[in-house]
Amino acid sequence: MKTALSNNGGKQIQYDTVSTVVINEHNAQQRLDNFLLVKLKGAPKSLIYKIIRTGQVRVNKKRATARVRLNPGDIVRIPPIKSLEQKNCSQVPGKRFSALIESSVLFEDNDIILVNKPAGIAVHGGSGINIGLIEALRKLRPEKHFMELVHRIDKETSGCLLIATKRSVLRHIHNEIRERRVCKAYQLLAAGCWITKNKQTVNLPLKKNVLSSGERIVTVSDQGKAARTWFKSNECFADCTLLSAKLDTGRTHQIRVHAKSCGHPIAGDEKYGSTEFNSIIKKKYGIKRLMLHASQLGITMPSGEFMQFSAPLPEDFASAIAIMKASVQTRA
């Protein structure tokens, strides 16, 4: 059985059968993969790319690549998949979770919402997570008929996360990202003493590998995509260095892998760091998670106005720095 649905946002795809969606002007010019990532909320990214790669997704009855852009009137065939969409839609964030998300909103107008995302919260549901930040915001802002993530940051990372509340604004900022006109700055605690005081450029290609479990592992590889990060050492402590980092590209786990490639993995990084080192700093400084914070975000809006946002360090990050500084002063 096939179910033909107009993509007006008011109906749900029936995931237990083959569905076809007619693209309208609100969804036109999106890439096919981005369209499916939004439409099939809760489905792992690896599954999305698999059904595209194997030809199970069709555009106007033809196979299509993930990068193809959709036009008004295009008909997208979506195969039956197991999705968490309906479960996520029915999930209601608890009072404490809602209060946390609400208190994390740094800026909001008719076009965007800027959130200082707490560490440990996923940006969206899926892969065993019933509800993420974007789902919670949709529940908290029911009057917003459109709300989508402009970009993503890791669950373990805290800091600036931008949400668009207009399709036209989302398209504009995505174009700014493609043209590398969006400024992103981070703060991090890296293992050991990063000796270089001046800015250090790390220009190493990165290759993303997706395991059968859906876990993403990124490695430095000549077969990877170009990636460049600028690091600057701000203060060296006994066990860690406080660094600033700016991105020229936005590859998956870019800062984490580039920091590791320099011999200084990020403190608390369970995927790319040292288990022994993480155990030591947990006992000494109370570090229990990845010490990476998206501190600044600068964008030019469709109006031409440049907007610069800053997200203060979360309490656990600031506390770890304070303990390290006190330790250095005590020894002196």
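The largest nonpolar core in this predicted model has 62 residues. Within that core, the residues with the most contacts are Ile 163, Leu 189 and Ile 299. As a general background, nonpolar side chains in soluble globular proteins tend to be buried together.

Which residues does Ile 299 touch, once its neighbours within four places in sequence are left aside? Ile 299 is in contact with Ile 112, Leu 162, Ile 173, Val 182, Glu 305, Phe 306, Met 307 and Phe 309.

I turn now to strand S16, which spans residues 292–300. How many of its nine residues are buried? Seven are, and the strand is therefore described as mostly covered, given that buried means under 20% relative accessible area.

Let us consider the partners of S16, taking each in turn. Strand S9, residues 158–164, runs parallel to S16, and two bridges join them. On this side, Gly 159 has Ala 294 of S16 as its bridge partner. Strand S10, residues 183–191, runs antiparallel to S16 and is joined to it by six bridges. Here Cys 183 stands opposite Gly 298 of S16.

The next partner is strand S17, residues 306–310, which is antiparallel to S16 and linked to it by five bridges. In this pairing, Gly 298 stands opposite Gln 308 of S17. S16 and S17 form a hairpin, with five residues between the two strands. In the turn, Gly 304 has a positive phi of about 100°.

Arg 180 is placed in the loop between helix H6, residues 167–178, and S10. With a relative accessible area of 45%, Arg 180 is partly exposed.

The other topic is His 253, a residue other than glycine with a positive phi near 55°. Where does His 253 lie? His 253 is in the loop between strand S15, residues 240–247, and helix H7, residues 254–261. Is His 253 buried or exposed? His 253 has a relative accessible area of 8%, and because buried means under 20%, His 253 counts as buried.

To close, I return to S16: S10 is joined to this strand by six bridges, and S17 by five. Ile 299 is one of the residues with the most contacts inside the largest nonpolar core.

Conventions: Residues are numbered from 1 along each chain as its sequence is written. This is a predicted model: local features need pLDDT of at least 70, side-chain atom pairs count only at pLDDT 80 or more; totals for chains, interfaces and linings use all residues. Side-chain values use heavy atoms; hydrogens and water are left out. Buried means under 20% relative accessible area, exposed over 50%, partly exposed in between (1.4 Å probe, protein chains only). Helices (H or I, at least four residues) and strands (E, at least two) are DSSP runs, numbered from the N terminus. Two strands pair if DSSP finds at least two bridges between them. A nonpolar core is a set of buried Ala, Val, Leu, Ile, Met, Phe, Trp, Tyr and Cys residues joined through side-chain atoms within 4.5 Å. Contact means heavy atoms within 4.5 Å.
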